[in-house]
Amino acid sequence: MSFRKEKKFRLTLSDSLILESQLISDGMKKIYPARKIYSQYLDTIDLKMFNESEEGLIPRKKIRARWYKNKNEVSLETKISSLEGRYKITKKIDLELLSNICSKGHFDKDYGFLYPSLVVTYARKYYLWKNMRITFDSDIEYCNSRYDSGSLMKDFENVLEIKTLINIPDDYIEKNFGHQTSRFSKYCRGILISEKQLF
């Protein structure tokens with residue numbers, strides 16, 4: 001288990017493109033090809049994970065199945081926020097298990113049975129700069145799994161995420177960017193937007 005620090009910067013599309021260009025000029029290097037990411041989030045019937053995240057409670061979890069365009073590799077990911085820090089547990093699963101989870105639910109020892117709550121899709125670019133892993137996420141869309149409409153809701157915000165070791169000071173991270181850090185949970189934003197609570 002390795003704890004990590006995450007910082008997020010909420011950006012307009014224009015600001016995101018300008019900042020990406022500036023950082024590339026300053027030596028930021030691409031480390032993986034850009035790709036589209038799909039995440040199926042799970043939650044209790046009464047959205048306990050969503051509510052705990054909104055309230056900032058610790059400890060808490062988010063559980064999702066994640067795959068890429070061809071769906072050959074599916075991972076069941078548990079993101080844990082604890083007093084010691086944040087970490088992620090990843091388990092490879094097959095399409096049959098994903099189908100069973102979506103149709104019958106998934107049991108978690110802390111939350112009980114979880115069911116599909118939200119699908120999030122977005123485009124991600126991967127970089128490394130000054131020993132920080134940086135991702136630019138854009139074209140973020142949400143589909144609320146709790147309803148049958150299947151309609152997609154677009155998020156007009158973009159987000160830059162920085163992941164570092166837990167011992168990297170906050171001021172080292174923040175002094176390198178001309179934007180203020182902000183909370184940006186795709187899961188929470190997706191629930192709020194798709195349920196007409198955030199515009």
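A nonpolar surface patch of about 440 Å² is formed by Ile45, Phe107, Phe113 and Tyr115 in this predicted model. Patches are built from residues with over 30% relative accessible area and no salt bridge, like charges being joined within 9 Å and nonpolar side chains (Val, Leu, Ile, Met, Phe, Trp, Tyr) within 5 Å; accessible areas come from the Shrake-Rupley method with a 1.4 Å probe, and for residues only the protein chains shown count as cover. The model is predicted, with local features requiring pLDDT of at least 70 and side-chain atom pairs counting only at pLDDT 80 or more, whereas totals for chains, interfaces and linings use all residues. Residues are numbered from 1 along each chain as its sequence is written, and side-chain values use heavy atoms, with hydrogens and water left out.

Tyr115 belongs to strand β7 (residues 112–129); strands (E, at least two residues) are DSSP runs numbered from the N terminus. Tyr115 counts as partly exposed because its relative accessibility is 30%, the classes being buried (under 20%), exposed (over 50%) and partly exposed in between, with a 1.4 Å probe and protein chains only. Thr121 is also placed in strand β7 and, at 9% relative accessibility, counts as buried. Apart from neighbours within four places in sequence, Thr121 is in contact (heavy atoms within 4.5 Å) with Lys36, Ile37, Tyr38, Asp139, Ile140 and Glu141.

Strand β4 (residues 74–81) is largely enclosed by the rest of the structure, because 7 of its 8 residues are buried. Strands are taken to pair if DSSP finds at least two bridges between them. Strand β3 (residues 60–68) runs antiparallel to β4 and is joined to it by 8 bridges, with Val74 of β4 as the bridge partner of Trp67. The β3–β4 hairpin has 5 residues between its strands, and Lys71 in the turn adopts a positive phi of about 60°. Strand β5 (residues 86–93) is likewise antiparallel to β4, through 8 bridges, and Lys79 stands opposite Lys88 in β5. In the β4–β5 hairpin, with 4 residues between the strands, Gly85 has a positive phi near 145°.

The structure holds 19 salt bridges, each defined by a side-chain nitrogen of Lys or Arg within 4 Å of a carboxyl oxygen of Asp or Glu. One of them joins the side chains of Lys61 and Asp110 (2.7 Å, N to O). This pair links distant parts of the chain, Lys61 lying in strand β3 and Asp110 in the loop between β6 (106–108) and β7, 49 residues apart. Lys61 is buried, with a relative accessible area of 12%, whereas Asp110 is partly exposed at 43%. Asp110 also forms a salt bridge with Lys109 (3.4 Å, N to O).
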